[in-house]
Protein chains: 2
Amino acid sequence: MAVASQPDLSVVQFNEHGLVPAIAQDQATQKVLMVGYMNADTLRETLTTGRMVYWSRSRKERWAKGDTSGDRQWVREAYYDCDGDALLFVVEQEGNGACHTGNFSCFFQSLGSTPQ
Amino acid sequence: MAVASQPDLSVVQFNEHGLVPAIAQDQATQKVLMVGYMNADTLRETLTTGRMVYWSRSRKERWAKGDTSGDRQWVREAYYDCDGDALLFVVEQEGNGACHTGNFSCFFQSLGSTPQ
């Protein structure tokens, strides 16, 4: 696997905890899989290795998605938004899906009915 | 337009600022449009009216998307994630798009090249 040169992270606005939300969207189905958070180190690792690596806010540690479950995510496209405080990764989802519940997407529960 | 009954927000985990990130995804194209934030009031308003209403963190005020630009967003599906701390709305995007720059999606800038 080719390794990208050091990515320029100056366009990214990290929050007061040094984190930025990162959306993972499945390339094949276009489904939104999950929202995680990255700090500068895990974002740099994600961009240079092409594998999604988050920062776990609950465990306060680097979280290479799929190390335990095998459900790795591979970056196919990476974007930052207009004010630089959110990231979107279009990924190839390996294994059963993104969610620890066994669901393909973490967004599998409907939030009430809404007017149409 | 029908009005939904009072939605149950007890499944939503608001952060220390009383906010939850809300992803808007375009129903027609499946593109991720933007990430905004909602507090309990604007989330409730969103679910009962079917129109996306955010909380502006910069202006610290209710932000009914499209009031100025005409680029309103209408809720077609609403989900919360497995740990309840992120929301996904599949919307019908009115007008030119979601971004104040004139782009359809706020995620129009690529974040460096990544290994394939």
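Visitor: What is the order of the strands in the open sheet?
Guide: The open sheet of 5 strands runs 2(A)-1(A)-6(A)-5(A)-7(B), with mixed pairing. Strands are DSSP runs (E, at least two residues) and helices are runs of H or I, at least four residues, numbered from the N terminus; two strands pair if DSSP finds at least two bridges between them. This is a predicted model, in which local features need pLDDT of at least 70, side-chain atom pairs count only at pLDDT 80 or more, and totals for chains, interfaces and linings use all residues. Residues are numbered from 1 along each chain as its sequence is written, and chains are lettered from A and ligands numbered from 1 in the order in which they are written.
Visitor: Which strands stand at the edges?
Guide: Strand 2 (32-38) of chain A and strand 7 (109-110) of chain B do; each has a single partner strand, so one side of each lacks a neighbour in the sheet.
Visitor: In what sense do strand 5 of chain A and strand 7 of chain B pair?
Guide: Their pairing is antiparallel, over 2 bridges. A:Tyr79 has B:Ser110 as its bridge partner in strand 7 of chain B.
Visitor: Now chain A itself: how many helices and strands?
Guide: Chain A has 1 helix and 7 strands, in the order β-β-α-β-β-β-β-β from the N terminus.
Visitor: And what does its C-alpha trace span?
Guide: The C-alpha trace of chain A spans about 45 × 30 × 30 Å along its principal axes.
Visitor: What share of chain A is buried?
Guide: Buried residues (20 or more other C-beta atoms within 10 Å of their own, with C-beta atoms placed from the backbone) make up 36% of the 116 residues in chain A.

Terms used:
Buried ≥ 20, exposed ≤ 12 C-beta atoms within 10 Å, placed from the backbone.
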